[in-house]
Amino acid sequence: MTESKAVENYVDWVRDAHAMEEQAEAMLSRMAERLEHYPKLKSRILQHIEETKEQQHLVRTVLDRMDTSRSVLKDVAGKISSMGQAVGAMLASDEVVKGAISGYVFEQLEIASYTALITAAQVVGDDEGVQTFTRIRSQEQEMAQWLSDHLPEVTQAFLQRADDHDSKAKR
């Protein structure tokens, strides 16, 4: 692969990351709106929404520094949005558990994406990009770990609420 092709791929992947962060914010916001009986989960999701907004900004700075157009982001966002909609369609009466599971899966996608971006940034000599994407990946790893650690608690709380016919277990 020539250096120019490497840079072209790198820029495309940075654009993908920006769209991915926009989709993450949308998915997390929808989930947070529906978690009235899961305060720990809601609090951590709200914290990650703020991290995600910062991540969007950081990724934009990489794009701006590379002087590239973000006009193609709508295209990429549409592709990732369809994945988010598919995940959203899974959410039914047990949406809190499935939402926590799909959140964990999405975090793993982000971790993999940023791992590839770190390597690509190294290949094209973008040291700032390496630092930026390493920082973002760490936040995604922390969120994935939190979800993994708390999934049993969320599942147990949901099942207890599901047995109470007077409560809305999914929220």
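**Surface patch and ring cluster**

Ile 101, Tyr 104 and Val 105 make a nonpolar surface patch of about 250 Å². Patches take residues with over 30% relative accessible area and no salt bridge, joining like charges within 9 Å and nonpolar side chains (Val, Leu, Ile, Met, Phe, Trp, Tyr) within 5 Å. A salt bridge is a side-chain nitrogen of Lys or Arg within 4 Å of a carboxyl oxygen of Asp or Glu. Accessible areas come from the Shrake-Rupley method with a 1.4 Å probe, and for residues only the protein chains shown count as cover.

The model is predicted: local features need pLDDT of at least 70, side-chain atom pairs count only at pLDDT 80 or more, and totals for chains, interfaces and linings use all residues. Residues are numbered from 1 along each chain as its sequence is written, and side-chain values use heavy atoms, leaving out hydrogens and water.

With a relative accessible area of 39%, Ile 101 is partly exposed (buried is under 20%, exposed over 50%, partly exposed in between). Ile 101 belongs to helix α4, residues 95-124; helices are DSSP runs of H or I with at least four residues, numbered from the N terminus. Just after α4, Gly 125 has a positive phi of about 80 degrees.

The aromatic pairs number 2, where ring centres must lie within 6.5 Å and planes count as stacked under 30 degrees, edge-to-face over 60 and tilted otherwise. The ring centres of Tyr 10 and Phe 133 are 6.4 Å apart with planes at 80 degrees, so this pair is edge-to-face. Because Tyr 10 lies in α1 (residues 3-33) and Phe 133 in α5 (residues 127-162), the pair ties together parts 123 residues apart in sequence. Tyr 10 and Phe 133 are both buried. Ring pairs link Tyr 10, Tyr 114 and Phe 133 into a cluster.

Technical notes: Helix = DSSP H or I, 4+ residues; strand = E, 2+ residues; numbered from the N terminus. Buried < 20%, exposed > 50% of the residue type's maximum accessible area, 1.4 Å probe, protein only. Phe/Tyr/Trp six-rings, centres within 6.5 Å; stacked < 30°, edge-to-face > 60°.
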